[in-house]
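This report describes a single protein chain, moving from its overall dimensions to individual residues. Please keep the sequence and the 3D view side by side while reading.

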Amino acid sequence: MKKLFFTFIISLAVLSAGAQKFGVKAGLNFANGDYEFNNASLSTSNLTGFQLGVVGDFPVSQDLYFNTGLLYSTKGTTLDVGAVEVKIHVNYLELPLNMAFKHDLGGVTFFAQAGPYLAAGISAKGKSGSEEEDIEFGDGDGEYKRIDFGLNVGTGVEINAIQVGINYGLGLVDVEQDADSKLKNGVLSFTLGYFF
């Protein structure tokens with residue numbers, strides 16, 4: 001875990017050194033993972049969380065940019081199992097790798113972005129009523145895969161140093177180590193950024 005964390009930090013430091021813009025970003029996450037049990041989809045609902053981190057923009061051409069960063073992001077889902085509500089919280093360090101198209105509309109810059117993300121799980125827990133249990137990362141039954149990756153798509157506007165955006169992250173990895181159940185992350189995010 002420590003090696004993975006330091007790899008993320010070093011990668012971010014190298015990338016941010018050449019960034020045209022460097023800033024901070026925070027936002028609300030509405031996580032609603034895709035959950036299956038015995039090949040049947042279970043009803044899920046939003047699990048509200050947050051994201052917080054640093055971001056950087058790298059110009060590729062006049063209107064095309066590469067943006068990345070390092071984000072602490074909360075994911076998971078809420079399951080409705082009969083009359084019981086089960087909440088699954090998974091916290092990640094996430095590295096987005098997006099290409100963004102930007103267009104100046106005269107004082108306001110519109111952007112649209114898409115690309116993959118790579119995330120490393122740092123903690124997880126399940127909660128049912130008053131009962132709460134830590135979920136371990138590993139290869140054992142009932143444990144979760146630490147590494148997740150998927151695709152981002154988003155849009156928003158920039159006004160001077162302020163960025164307001166909306167993004168959807170579609171997880172492609174079944175993070176559960178269980179033959180009977182599957183969980184893939186899905187997160188809708190509303191973010192506010194400030195660039196220095």
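## Basis of the description

Contact here means heavy atoms within 4.5 Å. With that criterion, and leaving aside neighbours within four places in sequence, Asp 80 is in contact with Ser 43, Thr 44, Ser 45 and Glu 85.

The model is predicted, so that local features need pLDDT of at least 70 and side-chain atom pairs count only at pLDDT 80 or more, while totals for chains, interfaces and linings use all residues. Residues are numbered from 1 along each chain as its sequence is written, and side-chain values use heavy atoms, with hydrogens and water left out.

## Fold and dimensions

Helices (H or I, at least four residues) and strands (E, at least two) are DSSP runs, numbered from the N terminus. Among contacts with a separation of 6 or more, 63% join residues 24 or more positions apart.

Along the principal axes, the C-alpha atoms fill a box of roughly 55 × 35 × 30 Å.

## Surface and charge

By the Shrake-Rupley method with a 1.4 Å probe, in which only the protein chains shown count as cover for residues, the accessible surface comes to about 10100 Å², and 61% of this area belongs to carbon and sulfur atoms. Residues are called buried under 20% relative accessible area, exposed over 50%, and partly exposed in between (1.4 Å probe, protein chains only); 41% of the 196 residues count as buried.

For charges, Lys and Arg count as positive and Asp and Glu as negative, while His and the chain ends are not counted, and each charge is placed at NZ of Lys, CZ of Arg, CG of Asp or CD of Glu. The mean positions of the 13 positive and 22 negative charges are 7 Å apart.

## The nonpolar core

A nonpolar core is a set of buried Ala, Val, Leu, Ile, Met, Phe, Trp, Tyr and Cys residues joined through side-chain atoms within 4.5 Å. The largest such core has 14 residues, of which Ile 88, Val 90, Tyr 144, Val 175 and Leu 183 touch the most other members. Strand E7 (84-104) and strand E8 (109-128) are the elements that give two or more residues to this core. Beyond its neighbours within four places in sequence, Tyr 144 has contacts that include Ile 88, Val 90, Val 175 and Leu 183.

## Individual residues

Phe 190, in strand E13 (residues 186-195), is partly exposed at a relative accessible area of 38%. Outside four places in sequence, Phe 190 is in contact with Ala 26, Gly 27, Leu 28, Phe 30, Gly 165 and Ile 166. Asp 80, in strand E6 (residues 64-81), is also partly exposed, at 32% relative accessibility.

Asp 134 lies in strand E9 (residues 131-134) and counts as exposed at 57% relative accessibility; leaving aside neighbours within four places, Asp 134 is in contact with Ala 124 and Lys 125. Asn 160, in the loop between strand E10 (147-159) and strand E11 (162-171), has a positive phi of about 55 degrees although it is not a glycine, and counts as exposed at 75% relative accessibility.
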